[in-house]
Amino acid sequence: QTLQAFDGPIPETFNGRLCMLAAPLALWEEWGNANTMAQQVQAHPERVIAISVLILIATCVPVFRGYTRKEPYARGLWTPMAENWNGRLAMLGFAGMVATELITGVNVLQAWGLQPLSTVVNSVSPVTGL
């Protein structure tokens, strides 16, 4: 089994972790700025790259050290299997968010009717302070 194979330990873990972080951060930023995810990425691409690199390093280092994510000692609430399923759900949610914004042309909160279409809630982002 290769590490980067479709069913290898790195791709699913990395993408799952990235989506588990990206989905709530995107919603938080949308709540504060009323910006779409595309606008958020265009405004701060360095943050997207930095977070992606940090998560990739955090995912690869244990795997390169021999951690297979199938260790028998991983029992209880925080197991590799639980992380995989949470990551899969986060990937589906994130894909749904992207699809919603592509189809509607507004951010997810506006598409769901949780935020007025023409209102920017804050001029200062709650996440970045900018």
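A residue is called buried when its relative accessible area is under 20%, exposed when over 50%, and partly exposed in between, with a 1.4 Å probe and protein chains only. Cys60 is buried on this scale, with a relative accessible area of 11%.

The structure is a predicted model, in which local features need pLDDT of at least 70 and side-chain atom pairs count only at pLDDT 80 or more, while totals for chains, interfaces and linings use all residues. Residues are numbered from 1 along each chain as its sequence is written, and side-chain values use heavy atoms, with hydrogens and water left out.

## Overall architecture

The protein chain contains five helices and zero strands, these being DSSP runs numbered from the N terminus (helices: H or I, at least four residues; strands: E, at least two). Along the sequence the pattern reads α-α-α-α-α. Of the 130 residues in the protein chain, 29% are buried. The accessible surface of the protein chain is about 8400 Å², and 69% of this surface belongs to carbon and sulfur atoms; accessible areas come from the Shrake-Rupley method with a 1.4 Å probe, and for residues only the protein chains shown count as cover.

Contact is defined by heavy atoms within 4.5 Å. Among the contacts in the protein chain with a separation of 6 or more, 69% are accounted for by residues 24 or more positions apart.

## The pairing of α1 and α3

Helix α1 (residues 9–33) and helix α3 (residues 45–64) have axes that come within 9 Å and cross at roughly 145°. Axes here are lines fitted to C-alpha atoms, for helices over the stretch in contact, and angles run from 0 to 180 degrees between N-to-C directions. The crossing of α1 and α3 is right-handed; that term applies if the near helix is turned clockwise from the far one by less than a right angle, and left-handed applies if anticlockwise.

On the α1 side, the contact is made by Pro9, Ile10, Thr13, Phe14, Arg17, Leu18, Leu21 and Leu25. On the α3 side, the contributors are Ile51, Ser52, Ile55, Leu56, Ala58, Thr59, Cys60, Val63 and Phe64. The residues of this contact divide into 13 nonpolar, three polar and one charged. In this classification Ala, Val, Leu, Ile, Met, Phe, Trp, Tyr, Cys and Pro count as nonpolar, Asp, Glu, Lys and Arg as charged, and the others, Gly among them, as polar.

Several residues show the arrangement in detail. Ile10 belongs to helix α1 and is buried at 2% relative accessibility. The C-alpha atoms of Ile10 and Cys60 are separated by 6.5 Å, although the two residues are 50 residues apart along the chain. Thr59 is placed in helix α3 and counts as buried at 3% relative accessibility. Not counting residues up to four places away in sequence, Thr59 touches Ile10, Thr13, Phe14 and Arg17.

Ser52 is also part of helix α3 and is buried at 18% relative accessibility. With neighbours within four places in sequence left aside, Ser52 is in contact with Phe14 and Leu18. Ser52 and Arg17, 35 residues apart in sequence, lie 9.5 Å apart in space, C-alpha to C-alpha.

## Cysteines

Cys19 is buried, with a relative accessible area of 12%. The structure holds zero disulfides, a disulfide being a pair of cysteine sulfur atoms within 2.5 Å.

Ala34 is found in the loop between α1 and α2 (37–43). Phi of Ala34 is near 65°, a positive value in a residue other than glycine. Ala34 is buried, at 13% relative accessibility.

Thr68 lies in the loop between α3 and α4 (80–104) and is partly exposed at 44% relative accessibility.

Ala111 is located in helix α5 (residues 108–111). At 34% relative accessibility, Ala111 is partly exposed. Leaving aside neighbours within four places in sequence, Ala111 is in contact with Thr100, Thr104 and Val106.

The C-alpha separations of two further pairs are tabulated below.

| Residue pair | Separation along the chain | C-alpha separation |
|---|---|---|
| Thr68 and Ile10 | 58 residues | 9.8 Å |
| Ala111 and Glu101 | ten residues | 7.7 Å |
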